[in-house]
Amino acid sequence: MTFQPTPCRPGPRSRASSSPLGRAFAALAFVVGVLGSNAAAQSPIDQVNAPYLAIPEANRSDLILLPALADMEPAPVGAQAPQQAMLLPAGSTNWSRAEAWATGETQVAVLAALDRITQETDYRRAMVFAQPYGPGVPRPMIAAGLYTELGDPPTLAAAHFGYMGPLDDMACLVHVEATRRLAAGDPAGAIDVLTDWAFFARQMADRALYKEVVFGYRQMLDALERIRDIAYQDMRGDRALTLAQIQSAIERLAEDKVLGLERLVLPRGEMTSAAQLTARVFGRDGMLNAGAFSSAMAAAGASGRPLRLFSEAARWSGAADAHNSQAQTVRTTRQVFDDWTARWNLDPFDARHNTPSVFQRDVDGQPAYAVIDAALDDMGQLIPMRQQLRAEAVGTRAALGLVGYSYQTRQFPPTLAALRPRWVRELEADPYNGDRRVDRRPPLAYFVPVRDTQARGPGRHEMNVVARDSNFVLRLGEDQFVLYSVGPDQERGWAAFVSDDPDAVRGDYLIWPPVISLLRVDLEQQGLLN
């Protein structure tokens, strides 16, 4: 049984089916509907892999990227995690090592592969990361460990993604390369490689299993923030970006092109994963098999960590008696997915989002549904992440438009509306602002300190910034602009308290100045970046 929830709006649904992967999934749904029991006779692995096997080799990004990734050197000290690499400034103690790594032959090959697989601007023809799960992987990728190991017997819930660690290193490479290009006087090149990374992350967000999808979401969030970070550093520095380069960057990030956040759907393979694990632990008589339960749950719990198999098996050996029946397990699995799908399609401001999901209420941590819990992560977490992505994308396009306007006119616009039509096609709504009365589309909040804040008191604008584990105060003058979303609390606070954390209890969601730019300056001033 496959799981294919519909997108949240009728328009994107038809567009999604026009992409290579969308067409493959549509074809699979048709086959399942027509063939009935014959299609259902496919193994769960075959069901999840079928859409990927339908992708032409010329459209497969994995066949280009992974061979290059196999030869990439590990990230050096100072840039070994994406957050480190994002913050690492040129000229710091660790910079020369990071720069030498990024310009090494094998890393340059990885960047060239990234560029090659992300140049198509039409999502209908864009490339797809289509490596199948388990069997069907080229031998060199198996030898390099760049494939999804499903164990023996193959189990989706036990999937270990051998390429995820190298992809984290690749994220570090992209951020170091962006900094290197900026330092070399090429901010447009820096934005270009970050946009490439956002588009590859978008491919990962279309994968069938949750862990890959959430990776794609997180990397898109980082890439969008870093694009603004590059523009901010250019604005505070040499102003080397040309008007044409800024306009090109905005156009490339348009919603109706590759980024297409409204085409996102919930991971399609997770229900198959849950159904497979359930079938494996229950016998044909519907009774739970204690031995099968123990071994299957151990495999799922030790995914990618084979030495934990024995401890996991011991953990589950006595838990079978507490589990619910097969019929109730299947029924609850369907309720979990029906609930997630309904929430995915709801308006972002529907009150149901404030209530616990079926998974959180009935499954998470509950021994009676341990099989479901072992097979699934909380996919409901993708719903607020999608909303954050919307804010980042809308904010990045508007921020780049403000930079372009200021470069062109040597002043900041009076309002965001002045960006049309030269810099943005339309004045996009703030995704976190729920005021949609009488078809209102309130935009992001924008002001220029001093110029627009005199009524709130003379002098510079004071902003309290919460960034990662840091908290500091910043005073801004009229040489900068401020762009922010009202954030999840939906209260416009004039950016007095800001962060880029959508879970923040208080304050606005800051778009500009970029939080990462402010954090880097603060850490440098404290001597904490080397």
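**View 1. Arg207 sits over the face of Tyr52, 4.6 Å from the ring centre.** A charge counts as over a ring if NZ of Lys or CZ of Arg is within 6 Å of the ring centre and within 35 degrees of the ring normal. Arg422 likewise lies over the face of Trp423, at 4.1 Å from the ring centre. Please keep in mind that this is a predicted model, in which local features need pLDDT of at least 70 and side-chain atom pairs count only at pLDDT 80 or more, while totals for chains, interfaces and linings use all residues. Residues are numbered from 1 along each chain as its sequence is written, and side-chain values use heavy atoms, with hydrogens and water left out.

**View 2. Tyr163 and its surroundings in the largest nonpolar core.** This core has 160 residues, and those with the most contacts inside it are Tyr163, Leu167, Tyr217, Phe481 and Leu483. A nonpolar core is a set of buried Ala, Val, Leu, Ile, Met, Phe, Trp, Tyr and Cys residues joined through side-chain atoms within 4.5 Å; buried means under 20% relative accessible area, exposed over 50%, and partly exposed in between (1.4 Å probe, protein chains only). Leaving aside neighbours within four places in sequence, Tyr163 has contacts (heavy atoms within 4.5 Å) that include Leu66, Phe129, Met204, Arg207 and Glu212.

**View 3. Thr148 meets Tyr163 through a side-chain polar contact of 3.2 Å.** Such a contact is a pair of N or O atoms within 3.5 Å; within protein, one must be able to donate a hydrogen and the other to accept it, and residues adjacent in sequence count only if both atoms are side-chain atoms. Thr148 belongs to strand S1 (residues 148-149), strands being DSSP runs (E, at least two residues) numbered from the N terminus. With a relative accessible area of 0%, Thr148 is buried.

**View 4. Tyr446 and Phe481 form a tilted ring pair.** Rings of Phe, Tyr and Trp (its six-membered ring) pair if their centres lie within 6.5 Å; planes under 30 degrees apart count as stacked, over 60 as edge-to-face and the rest as tilted. Here the centres are 6.2 Å apart and the planes are at 55°. Tyr446 lies in strand S3 (residues 445-447) and Phe481 in the loop between strands S5 (470-476) and S6 (482-485), so the pair ties together parts 35 residues apart in sequence. Both Tyr446 and Phe481 are buried.

**View 5. Phe447 and Trp494 make another tilted pair.** Their ring centres are 5.0 Å apart, with planes at 45°. Phe447 is buried, with a relative accessible area of 0%, whereas Trp494 is partly exposed at 24%.

Key. Helices (H or I, at least four residues) and strands (E, at least two) are DSSP runs, numbered from the N terminus.
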